[in-house]
Amino acid sequence: MAVERIWLDVPFAEKDEAKKGGARWDPAAKRWYAPRAGMAELQRWAPAPDVPDLLPGENRALGSELFVDLVPSTCWFTNVRSCVAQRDWERLRRMITRRAGRRCEICGAAEDRAAKRWLEAHERWAFDHVAGVQTLKRLICLCTDCHTVTHFGYAQVRGIEAQAFAHLVKVTGMSESQAHRHVRDAFTLWEERSQTVWSLDLGILTNAGITLAPPPEAKDRARVAEKTLRSGGGTIPAQVDAEVTAEALRPVPPSDRMPPPARTGSGN
């Protein structure tokens, strides 16, 4: 008879503290648990109720395909991981991967540690240019490969633009010329959206009882992101999600004369 776990909500940054307090890791469930009831050292990580599979007002049909979706400079620090309290981020992450059946919702890939392919949360936003409001409409589970395509600017920063381009072509079925045009259009849209100082509507989170950690004011986001990136010596600091700094180095659209993307058997 299987023993019911006493689950905990442990943020990644506090895992060493939890482990020292006696918590154990379940690799199948990807979650920490208490080995027995009544452990005072672990009470601070007592779990909150699970997040519902469908967030209030969420549109799970929005953005189900793979496309380049660059973060406007005025939206840096507005990704969900940066806007949500650490414990609630763990609850959200767990819900997103569970409801996706632990597979990428675009290409269907599962997590593969050997290939360094993980399952990651990504946001789909609606932009109201008249009101200047950026509204969170969906959370989607993506594999590392699809997520890298989505944040093509970050792929450029990391020097893996060709791999990201190859994955875009493979998953979408675009020709290389179509894919080049798609990327150029995405950068054009990024430039347009970066002219607007967006305010955030995170109602689908707050209406589900998620606690927010407010990001910097919109007027300060670009300055804070670039300062943080520079202070890290050109690396991405641990407290800043990759997509926050994706466009901080001002990437440029790829040329149509870019060398043909590498094609490997690693899933890229």
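Me: How do you know that Lys15 lies over the face of Phe12?

Reply: Lys15 is placed at 5.2 Å from the ring centre of Phe12. A charge sits over a ring if NZ of Lys or CZ of Arg is within 6 Å of the ring centre and within 35 degrees of the ring normal, so Lys15 is listed as lying over the face of Phe12. Arg5 likewise lies over the face of Tyr33, at 3.9 Å from the ring centre. This is a predicted model, in which local features need pLDDT of at least 70 and side-chain atom pairs 80 or more, while totals for chains, interfaces and linings use all residues. Residues are numbered from 1 along each chain as its sequence is written, and side-chain values use heavy atoms, without hydrogens and water.

Me: Why is the pair of Trp7 and Tyr33 called edge-to-face?

Reply: The ring centres of Trp7 and Tyr33 are 6.2 Å apart and their planes stand at 80 degrees. Rings pair if their centres lie within 6.5 Å, and planes under 30 degrees apart are stacked, over 60 edge-to-face and the rest tilted; therefore this pair is edge-to-face. By this rule there are three aromatic pairs.

Me: Are Trp7 and Tyr33 buried or exposed?

Reply: Buried means under 20% relative accessible area, exposed over 50%, and partly exposed in between (1.4 Å probe, protein chains only). Trp7 has 26% relative accessibility, so Trp7 counts as partly exposed. Tyr33 has 11%, so Tyr33 counts as buried.

Me: What does Leu92 touch, not counting residues up to four places away in sequence?

Reply: Leu92 touches Val51, Val80, Val84, Leu139, Leu205 and Ile210 on that count, where contact means heavy atoms within 4.5 Å. The largest nonpolar core has 49 residues, and Leu92 and Leu205 touch the most other members. Strand 5 gives the largest share of this core, six residues. A second, separate core has nine residues, including Ala18 and Trp32.

How values were computed. Phe/Tyr/Trp six-rings, centres within 6.5 Å; stacked < 30°, edge-to-face > 60°. Core = buried A, V, L, I, M, F, W, Y, C linked by side-chain atoms within 4.5 Å. Helix = DSSP H or I, 4+ residues; strand = E, 2+ residues; numbered from the N terminus.
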